[in-house]
Amino acid sequence: MAKQAADFDRAKGLSFIENILQSHKDIQAVFAHNDEMALGALEAHGMNNVFVPSTGSINHRRS
């Protein structure tokens, strides 16, 4: 659907997902290259029940 560098930064991960959600409200999963970007994505409004795996030590889901 889309990809963008977020420089392993939580705030940039959040900003990217907020922008994507404006045009794609039916996201089911987001892959992040580290836990900080995954946690940033989960902070976005509209990320309920979305699977967010990362290459870090944990996988995340907000329900």
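This is a predicted model: local features need pLDDT of at least 70, side-chain atom pairs count only at pLDDT 80 or more; totals for chains, interfaces and linings use all residues.
Now look across to Leu14. The C-alpha atoms of Glu43 and Leu14 are 6.5 Å apart, even though 29 residues separate the two in sequence.

Let me zoom out for a moment. How many helices and strands does the protein have? Two helices and two strands, and reading from the N terminus the order is α-α-β-β. The C-alpha trace spans about 30 × 25 × 20 Å along the principal axes. For 63 residues, a compact globule would have a radius of gyration near 11 Å, and the protein has 10 Å, so the two agree. Of those 63 residues, 38% count as buried. As for the surface, the protein exposes about 4200 Å², with 50% of that coming from carbon and sulfur atoms. And on contacts: take the ones between residues at least 6 apart in sequence, and 32% of them join residues at least 24 apart.

Why do we call α2 largely enclosed by the rest of the structure? Because six of its eight residues are buried. If you want to click through them, the buried ones are Asp35, Met37, Ala38, Gly40, Ala41 and Leu42. While we're on helices, a general point: an α-helix has 3.6 residues a turn, so residues three or four places apart point the same way.

Of the elements, α1 gives the most, with four residues.

Most residues other than glycine have a negative phi. With that in mind, have a look at Asp7, where phi is positive, about 55°, although the residue isn't a glycine. Then Phe8, also not a glycine, has a positive phi of about 55°. Asp7 belongs to the segment before α1, and Phe8 is in the segment before α1 as well. Buried or exposed? Asp7 is exposed, at a relative accessible area of 51%, and Phe8 is exposed too, at 54%. Since the cut-off for exposed is over 50%, I'd just keep those two values in view.

Phe8 takes us to my last stop, Asn34. Asn34 sits in the loop between α1 and α2. Its relative accessibility is 16%, so Asn34 counts as buried. Which residues does Asn34 touch, leaving aside anything up to four places away in sequence? Phe8 is one of them, and the others are Ser54, Thr55 and Gly56. So our exposed Phe8 is in touch with a buried Asn34.

Technical notes
Residues are numbered from 1 along each chain as its sequence is written. Side-chain values use heavy atoms; hydrogens and water are left out. Buried means under 20% relative accessible area, exposed over 50%, partly exposed in between (1.4 Å probe, protein chains only). The radius of gyration is taken over C-alpha atoms; the globule rule is 2.2 Å times the number of residues to the power 0.38. Contact means heavy atoms within 4.5 Å. Accessible areas come from the Shrake-Rupley method with a 1.4 Å probe; for residues, only the protein chains shown count as cover.
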